[in-house]
Amino acid sequence: MDDRGGSFVAVRRISQGLERGNTCHSTSGSTAWLGRGLSCVCAQSRESDARPSFDLTPSQEECLQRLQNRIDIAYDSSIPEHQEALRALWNAAFPEEELRGLISEQWKEMGWQGKDPSTDFRGGGFISLENLLFFATNFPKSFKDLLWKLEGDRSVWEYPFAVAGVNITFMLIQMLDLEAVSFNSTVKPRTMVGAVFLKFLSENESAFDLLYCITFKLMDHQWLAMRASYMDFNTVMKATRRQLERELLLEDITRLEDLPSYGLLTR
């Protein structure tokens, strides 16, 4: 809780002394509040977004449709697959601590707003859980570094890790204009950033998940560079989005691994 009696929006920095143990290869406008205190940076209409559009090949359309289908899935705590994914996330984060239940005060240790993470998935859907699990599985060191805030000179009051992750999923969906896509004979990417990402997606079915990992690490890098505290979260997210857009439009980028910020990730 803050001094004005509002909802809890930040987590106290954890002491660094603590330890815990072809085809795809297999929304614009208003602000959305995710969690109960962090606002997501939403797409804003800008004159600079007026870019040439590009036709989609059948394989690109198929890849984009698959990603859109993922985005459309809401988190549902009654679905066993969703329950198992949430348990898997806990086990990846805290392998030596047994989870007492899908509704538990333990979840606050990961940076969820309350004891039931499902209430924080409303803004990002099931894909935001998939993104976190992909991060934990493929870049476990970076995942743990961010979870425990192990790098850099940290603020006394830090961003909540898990809720920040949901915000990042939502920001990427909007930045890439994925919610606005409708499939018909004239569909085309509406921004150059979206067109560039579509190329990566058609070559790597995990492109969105990989870009998520890059963005999360970049956001934390910006957080440290700006010496930010929880009140600065929205400003940091805006700076992260601007930097990510610049990197995606660099001429020599042929895959996501070529992005300068990819080098921030460690496995």
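Met 219 touches a set of residues from elsewhere in the sequence. Beyond its neighbours within four places in sequence, its contacts are Tyr 159, Ala 164, Ile 168, Phe 233, Val 236, Met 237 and Thr 240. The model is predicted. Met 219 sits in helix 7, which covers residues 207–225. Its relative accessible area is 0%, so Met 219 is buried. One of its contacts is Val 236. The C-alpha atoms of Met 219 and Val 236 are 6.8 Å apart, although 17 residues separate the two along the chain.

Helix 7 also takes part in the packing around helix 3. The buried residues of helix 3 pack against helix 7, and also against helix 1 (58–71), helix 2 (80–93), helix 4 (140–147) and helix 5 (161–175). Helix 3 itself runs over residues 126–138. From first C-alpha to last, its 13 residues reach 18 Å, close to the 18 Å expected at 1.5 Å a residue. How much of helix 3 is buried? The count is 10 of the 13 residues, so helix 3 is largely enclosed by the rest of the structure. Phe 126, Ile 127, Leu 129, Phe 134 and Phe 135 are among them. Ser 128 and Asn 131 are buried too.

Now turn to the charged side chains. The whole structure holds 13 salt bridges. Start with a local one. Arg 87 pairs with Glu 84, and their closest N and O atoms lie 2.7 Å apart. Both residues belong to helix 2, three residues apart, or about one turn of the helix. An α-helix has 3.6 residues a turn, so residues three or four places apart point the same way. Arg 87 is partly exposed, at 31% relative accessibility. Glu 84 is also partly exposed, at 47%.

Lys 217 and Glu 151 meet through their side chains, at 2.9 Å from N to O. Lys 217 lies in helix 7 and Glu 151 in the loop between helix 4 and strand 4 (157–158), so the pair ties together parts that are 66 residues apart in sequence. Lys 217 is buried, because its relative accessibility is 5% and the cut-off is under 20%. Glu 151 is partly exposed at 30%.

The side chains of Arg 154 and Asp 220 meet at 2.7 Å, N to O. Arg 154 is in the loop between helix 4 and strand 4, while Asp 220 is in helix 7, and the pair links parts of the chain 66 residues apart. Arg 154 is buried, with a relative accessible area of 7%. Asp 220 is buried as well, at 2%. Elsewhere, salt bridges link Arg 70, Glu 130 and Asp 209 in a network.

Finally, look at the backbone. Most residues other than glycine have a negative phi, and most peptide bonds are trans. Asp 177 is not a glycine, yet its phi is positive, at about 60°. Asp 177 occurs in the loop between helix 5 and helix 6 (192–203). Arg 227 also has a positive phi, of about 50°, without being a glycine. Arg 227 belongs to the loop between helix 7 and helix 8 (233–248). Arg 227 is exposed, with a relative accessible area of 64%.

Conventions:
Residues are numbered from 1 along each chain as its sequence is written. This is a predicted model: local features need pLDDT of at least 70, side-chain atom pairs count only at pLDDT 80 or more; totals for chains, interfaces and linings use all residues. Side-chain values use heavy atoms; hydrogens and water are left out. Helices (H or I, at least four residues) and strands (E, at least two) are DSSP runs, numbered from the N terminus. Buried means under 20% relative accessible area, exposed over 50%, partly exposed in between (1.4 Å probe, protein chains only). Contact means heavy atoms within 4.5 Å. The expected span of a helix is 1.5 Å times one less than its number of residues. A salt bridge is a side-chain nitrogen of Lys or Arg within 4 Å of a carboxyl oxygen of Asp or Glu.
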